[in-house]
Amino acid sequence: MRKSFASDNYAGIHPEVLESIIRANTGHVPSYGKDPYSEAAILKCKEHFGENIEVFFVFNGTAANVMGLQAITRPYQSVICSDQAHLNVDECGAPERFTGCKLLTVPTADGKITPDQIKQHLIGFGDQHHSQPKVISLTQSTEFGTVYRPEEIKAIADLAHEHGLLLHMDGSRLSNAAAHLGVSLKALTADVGVDVLSFGGTKNGLMIGEAVIFFDPDLARDFMYIRKQGMQLGSKLRFIAAQFEALLSNDLWLQNARHANRMASLLASRIEGIPGVHITQKVEANAVFAVIPRECIAALSERYYFHVWSERESLVRWMTAFDTTEDEIDQFAEDIVKALSSHQQN
């Protein structure tokens with residue numbers, strides 16, 4: 001079986017999370033989130049994100065992003081995001097289809113966007129011929145594995161609120177960003193002006209499930225209907241909720257993210273400086289981006305799963321997860337060196 005450095009989605013379920021599902025699989029409880037497991041998970045979310053929040057569990061990240069945006073926009077409005085954002089590149093047009101909003105993209109070399117870049121889209125307010133800017137969406141950590149600092153998020157939030165916009169965060173890897181910075185989940189969200197968060201679980205040890213968190217309860221007023229109409233209200237919601245309770249207990253979220261981050265840093269340290277390998281981004285979360293010879297990509301693909309981020313640039317992405325081991329990193333680094341050596345000899 002090929003080892004995977006393609007995505008943290010390739011990883012299995014953390015044993016403690018799996019155990020939480022087994023514990024929840026006892027007896028009968030009310031359905032559709034009216035169960036004690038969901039209540040306990042929401043309390044855990046409030047411990048980490050603040051008391052004055054509304055929390056809704058859904059099946060996947062696309063739903064969390066799209067319906068979180070749907071709750072705070074109208075179809076004549078627009079969402080500003082990075083040109084590399086998952087919303088723009090990897091949602092198969094779902095944001096446009098289900099919100100009706102136009103995506104206004106900002107070119108970026110490292111996944112992060114700045115207030116100055118955003119300002120180019122803060123135009124046309126009140127013009128009936130122009131889609132009305134309503135939301136700025138950030139990805140944390142970014143698609144390039146880079147991380148927004150709290151002060152960077154706050155600057156964007158302040159800009160958004162100054163112009164009557166809201167700030168959405170795609171936090172599918174928020175845990176990795178918080179682990180890298182050594183701060184709380186709240187420090188990267190509620191404390192710096194995020195209005196709506198898609199909080200990731202699947203990439204950090206869950207079997208299935210993401211959470212949509214509203215930091216202003218008024219914004220969540222209609223979300224129960226949006227979730228139901230969007231086919232994301234699970235009848236046996238306790239099995240998603242139980243996983244979040246486990247993830248947010250005893251710092252499991254942090255342990256998992258720290259380990260994944262450390263494995264990415266270890267991989268980068270093993271291959272940095274090797275002739276033929278050029279790491280293109282700061283390794284801050286659990287991703288390593290590198291340019292390597294095309295022939296090496298083909299050779300490594302025979303033994304490992306990973307994504308070719310850009311065929312034109314010969315850019316690859318190697319990702320680590322909560323269950324990646326040091327032995328796997330060492331073997332992968334050794335095989336990268338072998339592939340490069342073979343290429344150079346030829």
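Start with the big picture: seven strands make an open sheet, ordered S2-S8-S7-S6-S5-S3-S4, with mixed pairing. Strands here are DSSP runs of E with at least two residues, helices are runs of H or I with at least four, and both are numbered from the N terminus. Two strands count as paired if DSSP finds at least two bridges between them. Before you click on, know that this is a predicted model, where local features need pLDDT of at least 70, side-chain atom pairs count only at pLDDT 80 or more, and totals for chains, interfaces and linings use all residues. Residues are numbered from 1 along each chain as its sequence is written, and side-chain values use heavy atoms, with hydrogens and water left out.

**Stop 1**

Buried means under 20% relative accessible area, exposed means over 50%, and partly exposed is in between, using a 1.4 Å probe and protein chains only. Which residue of S8 is the bridge partner of Val-55? Pick Ile-213.

**Stop 1: the middle of the sheet**

Next, show S6 and strand S7 (residues 196–200), which pair in the parallel sense over four bridges. Gly-171 stands opposite Phe-199 in S7. Click Phe-199: leaving aside neighbours within four places in sequence, its contacts (heavy atoms within 4.5 Å) include Phe-49, Gly-171, Leu-185, Ile-213 and Phe-244.

Then bring in helix H3 (residues 61–70). H3 lies across S2, strand S3 (77–82), S5, S6, S7 and S8, and runs at about 20 degrees to S8.

**Stop 2: helix H7**

Select residues 150–162. H7 has 13 residues and reaches 18 Å from its first C-alpha to its last, close to the 18 Å expected at 1.5 Å a residue; that expected span is 1.5 Å times one less than the number of residues. Which residues of H7 are buried? Colour Ile-153, Ile-156, Ala-157, Leu-159 and Ala-160. Looking down the axis of H7, they fall within an arc of 160 degrees, so they line one face of the helix; the arc is that of the directions from the helix axis to the C-beta atoms. On the face turned away from this buried side, you'll find exposed Glu-151 and Glu-162. Among the elements covering the buried residues are helix H6 (115–118), strand S5 (132–139) and strand S6 (166–171). Just after H7, Gly-164 takes a positive phi of about 80 degrees.

**Stop 3: the cores**

A nonpolar core is a set of buried Ala, Val, Leu, Ile, Met, Phe, Trp, Tyr and Cys residues joined through side-chain atoms within 4.5 Å. The largest has 49 residues, and those with the most contacts inside it are Phe-49, Phe-57, Ile-136, Ile-153, Phe-199 and Ile-213. H7 supplies the largest share of this core, five residues. A second, separate core of 26 residues includes Ile-271, Ile-274, Ile-297 and Ala-333.

**Last stop: Thr-280**

Finish at Thr-280, in the loop between strand S9 (278–279) and strand S10 (287–291). Its relative accessibility is 30%, so Thr-280 counts as partly exposed.

Methods: Axes are lines fitted to C-alpha atoms, for helices over the stretch in contact, and angles run from 0 to 180 degrees between N-to-C directions.
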